[in-house]
Amino acid sequence: MDIEIQQLIETLDLKAHPEGGYYKETYRSTGYIAQGNLDPQFSGDRHYCTGIYFLLTSQTFSAFHRIRQDEMWHFYKGSTLKLHIISKTGVYSCILIGNNIVKGEQPQYVVPAGDWFAAEVSQNDSYVLSGCTVAPGFDFDDFEMPNRSTLISQFPQHAAIITKLTRH
């Protein structure tokens with residue numbers, strides 16, 4: 001693994017993430033929203049907001065998954081991140097997260113709650129350090145990572161990108 005990537009993992013105390021890449025929770029609000037005040041799809045209370053660092057290398061990808069909340073991505077360092085999204089209605093889009101704004105990259109972007117999304121680094125032999133903010137706060141009960149055949153059965157028109165960015 002590249003020295004700079006290894007230094008980032010160690011310095012930021014990042015751990016392997018189930019969807020791919022590395023992460024560390026950096027913020028979890030002390031306040032919370034009671035379950036009765038949330039949409040019925042939530043299984044319990046949720047903190048107001050959570051935030052993480054997320055590091056992805058070109059050797060892997062963040063597999064298609066979805067959560068019940070909006071998720072805001074923030075660019076910090078490295079190559080451009082390709083964020084692949086399939087909306088609830090089946091519309092596919094690819095958003096470039098980075099700092100080259102004049103070339104169409106966005107320094108932050110919000111994935112709407114319930115949309116499927118995956119991510120990859122745009123350049124070989126590189127990485128991207130980003131951040132993700134989720135409100136109401138993230139809980140693994142809100143995380144869903146389907147197998148390839150399930151997602152393809154829902155969106156057969158996107159079979160190529162789903163096959164590329166799922167693991168099984």
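1. Basis. The model is predicted, with local features requiring pLDDT of at least 70 and side-chain atom pairs counting only at pLDDT 80 or more, while totals for chains, interfaces and linings use all residues. Numbering starts from 1 along each chain as its sequence is written, and side-chain values rest on heavy atoms, with hydrogens and water left out.

2. Overall form. The protein chain has three helices and 13 strands, where helices (H or I, at least four residues) and strands (E, at least two) are DSSP runs numbered from the N terminus. Its radius of gyration is 16 Å, close to the 15 Å that the globule rule gives for 168 residues, so the chain is as compact as a globular protein of that length; the radius is taken over C-alpha atoms, and the rule is 2.2 Å times the number of residues to the power 0.38.

3. Of the 168 residues, 46% count as buried, meaning under 20% relative accessible area with a 1.4 Å probe and protein chains only. Among contacts (heavy atoms within 4.5 Å) between residues at least 6 apart in sequence, 73% join residues at least 24 apart.

4. Five-stranded sheet. A further open sheet, also with antiparallel pairing, has the order E9-E8-E11-E6-E13. Its edge strands, E9 (92-97) and E13 (143-144), each pair on one side only.

5. Largest pocket. A pocket is here an open set of points on a 1 Å grid over the protein atoms alone where a 1.4 Å probe fits, with protein on both sides within 12 Å along at least five of seven lines, and lining residues have an atom within 4 Å of a point. The largest one is lined by 18 residues, of which His17, Ile52, Glu71, Val134 and Phe138 lie nearest its centre. Strand E5 gives the largest share of that lining, four residues.

Definitions and conventions: Pairing = 2+ DSSP bridges. Buried < 20%, exposed > 50% of the residue type's maximum accessible area, 1.4 Å probe, protein only.
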